[in-house]
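User: Hi, I have a new structure open and could use a guide. Can we walk through it together?

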Amino acid sequence: MLLITCPHCGPRAEIEYRCGGEAHVERPGPHDQVSDQAWADYLFYRANPKGGHRERWLHVAGCGQWFNVARDTITHEIAAVYPMGETLAEGSAA
Amino acid sequence: MADSNPTALLRRTGPDVADIVRPGLSVRTETGLGIAKLRIFGRAADARFQEIAGIAPPLPCREIGSGDLAFAWLAPGEWLITGAEAAVAAWVERATALGADDLLAIDFSHARTAFLLEGESARAALAAHCPLDLWPDAFPAGAAARSLLGDTGLFIARLADTGDAPRFRIIVDQTMAAYAGRLFARA
Ligand SMILES: [Zn+2]
């Protein structure tokens, strides 16, 4: 089980959380000018990397807040936890 | 409370969970506890809390007492208020009377069931079903959190110890009270 540090509650067990998938997926727009290809990319296609990944997590059983996690998908090591709306500089985490 | 109190009447329809008393552990339903939630919207929620409650808000993951009431941090801008039913109801009424549109105070005593767990085995009984670290370094008296209890959610606060044994208040959905009782009966 992962021990994930919620930015509000501190370290808590993985079962208190829900993973919201890849972070920083931006909705293309304006919507009437978006190609089917770009819209399909936005809705369905994700990077799914082997290694460093940025994910959104929700502390559903705790404070109910969303935040971002930089996690290695091979080792599960969590390199950083940072707020929604922020990005992580390249190279600053796995 | 008088019989006309609607909260007290609603609570009477709730499940009857037998108390558990055995060496090292007691689990008792806490009757007459008022339970309310305060939500404040906006970035300056803590300052707004102080204006409304007249005290500084509890730190994250902590519960503080003020007069007859206890205020526990649940999330940024969200607090749980517990105390005697009448005192909680009066507090909620006063907050609502402010007529402010950036806050919501709601009494949901009748939707929850509270238990008091105490004894030297209380931590072990909880640890069987709750993933929180309840050892004193991580969860001292005055700590409070929302987490899981088996398949349901719970609020837990560590109260002042009785002698050498820890004492916890847990609050679950009223519909899950019988389930929680069964978990502790087997823990
Ligand atoms: Zn949290």
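This is a predicted model: local features need pLDDT of at least 70, side-chain atom pairs count only at pLDDT 80 or more; totals for chains, interfaces and linings use all residues.

User: OK. How many helices and strands are there in chain A?

Analyst: Chain A has one helix and six strands. From the N terminus on, the order is β-β-β-α-β-β-β.

User: And what does the C-alpha trace of chain A span?

Analyst: About 45 × 25 × 20 Å along its principal axes. Chain A has 94 residues, and 34% of them count as buried. Take the contacts in chain A with a separation of 6 or more: 44% come from residues 24 or more positions apart.

User: Which parts of the chain do Cys9(A) and Cys63(A) tie together?

Analyst: Cys9(A) is in the loop between strand 1 and strand 2 of chain A. Cys63(A) is in the loop between strand 4 and strand 5 of chain A. So the pair ties together parts that are 54 residues apart in sequence.

User: Is Cys9(A) buried or exposed? And Cys63(A), buried or exposed?

Analyst: The cut-off for buried is under 20% relative accessible area. Cys9(A) has 12% relative accessibility, so Cys9(A) counts as buried. Cys63(A) is at 2%, so Cys63(A) counts as buried too.

User: What about His59(A), where is it?

Analyst: His59(A) sits in the loop between strand 4 and strand 5 of chain A. His59(A) is buried, with a relative accessible area of 0%. Leaving out residues up to four places away in sequence, His59(A) touches several residues, including Cys6(A), Cys9(A), Arg12(A), Tyr17(A) and Phe67(A).

User: Phe67(A), got it. Which residues of the largest nonpolar core touch the most other members?

Analyst: Phe67(A) is one of them, along with Leu38(B), Ile40(B), Phe49(B), Trp79(B), Ile81(B) and Trp91(B). That core has 29 residues. Elements of both chains give two or more residues to this core, among them strand 1 and strand 5 of chain A and helix 2 and helix 3 of chain B. Apart from it lies another core of 26 residues, among them Cys130(B), Leu134(B), Leu154(B) and Phe184(B).

User: What does Trp79(B) touch?

Analyst: Not counting residues up to four places away in sequence, the list includes Leu38(B), Ile40(B), Phe49(B), Pro57(B), Pro58(B) and Trp73(B).

User: New topic: helix 3 of chain B. Which residues are buried there?

Analyst: The buried ones are Glu85(B), Val88(B), Trp91(B), Val92(B) and Ala95(B). Seen down the helix axis, they fall within an arc of 135 degrees, so they line one face of helix 3. On the other side, Glu93(B) and Ala97(B) are exposed.

User: What follows helix 3 of chain B?

Analyst: Gly99(B), with a positive phi near 70 degrees.

Key: Residues are numbered from 1 along each chain as its sequence is written. Chains are lettered from A and ligands numbered from 1 in the order in which they are written. Side-chain values use heavy atoms; hydrogens and water are left out. A nonpolar core is a set of buried Ala, Val, Leu, Ile, Met, Phe, Trp, Tyr and Cys residues joined through side-chain atoms within 4.5 Å. Buried means under 20% relative accessible area, exposed over 50%, partly exposed in between (1.4 Å probe, protein chains only). Helices (H or I, at least four residues) and strands (E, at least two) are DSSP runs, numbered from the N terminus. Contact means heavy atoms within 4.5 Å. The arc is that of the directions from the helix axis to the C-beta atoms.
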